[in-house]
Amino acid sequence: METLERKQRSREQTRSAIVLTAKDIARREGWQAVSIRKIADAIDYSAPIVYEYFDSKDILLDEIRNDGFRELQHEYERIKKLYRDPEKRLFEMSVAQWQFAMDQPEIYQVMHNLNGAYCNRPICESSGMEAVSILIREIIFTFIPKSQESIQKLYFEWWSLSHGMISLALMLRDRQSLELSEQVYRDSIRRFVRGLR
């Protein structure tokens, strides 16, 4: 029994090392530089061993994407429990999305197919993305109960505003300070949230 548990622990550690190495390479060199061979070399394994865990780079990216959405979902759920006011909840969830993107831009890139971190599986088919969007739609619904179609429209507006501004801030960070971009982001989200009342 102990041997089986040790093997399982070893497999989980190897899988985790593969994911962490991919993120590290992406952080230093960009997602275009990430390959199964490069990961294998970095962790002193052969490429076939890495393929035992991930059949392709695309499957690895999908796993990283889902991990990112799970992390964001946990943060949204924490905020939902922390605040009762829907305006405060939606604003703080938006700020959490900004902070996540700034702290882990390489993960945010995979989550949204940015900067060469392209997943073949469409983002709208990601279960992680769906879980996060359900939380946001629920918060929007608490402002003003409307039809599902209206809530979806407002969610699309929120996502366009939030994701669009984050993507632009990351893309233009050499031309405009992140501090200024964050202030513009916060002001825009605040106006959007207040407009829901």
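Arg-190 and Asp-187 are three residues apart in helix H9, so about one helical turn separates them. Helices here are DSSP runs of H or I with at least four residues, strands are runs of E with at least two, and both are numbered from the N terminus. The side chains of Arg-190 and Asp-187 meet in a salt bridge, with N to O at 3.6 Å. A salt bridge is a side-chain nitrogen of Lys or Arg within 4 Å of a carboxyl oxygen of Asp or Glu. Arg-190 is partly exposed at 28% relative accessibility, and Asp-187 is partly exposed at 29%. Buried means under 20% relative accessible area, exposed means over 50%, and partly exposed lies in between (1.4 Å probe, protein chains only).

Helix H9 covers residues 178–195 and also holds Arg-186 and Glu-182, which are four residues apart and therefore separated by about one helical turn. Arg-186 forms a salt bridge with Glu-182, and the closest N and O atoms are 3.1 Å apart. Arg-186 has a relative accessible area of 24% and is partly exposed; Glu-182, at 22%, is also partly exposed.

## Basis of the model

The model is predicted: local features need pLDDT of at least 70, side-chain atom pairs count only at pLDDT 80 or more, and totals for chains, interfaces and linings use all residues. Residues are numbered from 1 along each chain as its sequence is written, and side-chain values use heavy atoms, with hydrogens and water left out.

## Overall fold

The chain has nine helices and zero strands. Along the sequence, the pattern reads α-α-α-α-α-α-α-α-α. The C-alpha atoms fill a box of roughly 55 × 45 × 30 Å, taken along the principal axes. Of the 197 residues in the chain, 44% are buried.

Ile-107 sits in helix H6 (residues 105–111) and is buried, with a relative accessible area of 2%. Ile-107 and Arg-65 are 42 residues apart in sequence, and their C-alpha atoms are 6.8 Å apart in space. Val-34 lies in the loop between helix H1 (2–29) and helix H2 (36–42) and counts as buried at 3% relative accessibility. The C-alpha atoms of Val-34 and Phe-141 are separated by 41 Å, and the two residues are 107 apart along the chain.

## Salt-bridge network

The structure holds 15 salt bridges in total. Side chains of opposite charge can pair when their charged atoms come close. Asp-24, Arg-27, Arg-28, Glu-29, Lys-38 and Glu-106 are linked in a network of salt bridges.

Within this group, Lys-38 and Glu-29 are joined by a side-chain salt bridge at 2.5 Å, N to O. Lys-38 is partly exposed at 30% relative accessibility, and Glu-29 is partly exposed at 41%.

## Cavity

A search of the whole structure finds one cavity of 30 Å³ or more. The largest cavity has a volume of about 50 Å³. A cavity is a set of points on a 1 Å grid, over the protein atoms alone, where a 1.4 Å probe fits but cannot get out; lining residues have an atom within 4 Å of a point. Grid points are joined across faces, edges and corners, and the volume is the space filled by probe spheres set on the points.

The lining of the largest cavity consists of Phe-69, Leu-72, Gln-97, His-112, Met-129, Val-132, Tyr-155, Trp-158 and Trp-159. Helix H4 (57–82), helix H7 (127–143) and helix H8 (148–171) are the elements that give two or more residues to this lining. H8 gives the most, with three residues. By class, the lining has seven nonpolar, two polar and no charged residues. In this scheme Ala, Val, Leu, Ile, Met, Phe, Trp, Tyr, Cys and Pro count as nonpolar, Asp, Glu, Lys and Arg as charged, and the others, Gly among them, as polar.

## Nonpolar surface patch

Leu-168, Met-171 and Leu-172 form a nonpolar patch on the surface, with about 290 Å² of accessible area together. Such a patch is made of residues with over 30% relative accessible area and no salt bridge, and nonpolar side chains (Val, Leu, Ile, Met, Phe, Trp, Tyr) are joined within 5 Å. Accessible areas come from the Shrake-Rupley method with a 1.4 Å probe, and for residues only the protein chains shown count as cover. Leu-172 lies in the loop between H8 and H9 and is partly exposed at 34% relative accessibility.

Note on methods: 1 Å grid on protein atoms, 1.4 Å probe; cavity = no way out; pocket = protein on both sides within 12 Å on 5 of 7 lines; lining within 4 Å. Patch = residues over 30% accessible without salt bridge, like charges linked within 9 Å, V, L, I, M, F, W, Y side chains within 5 Å.
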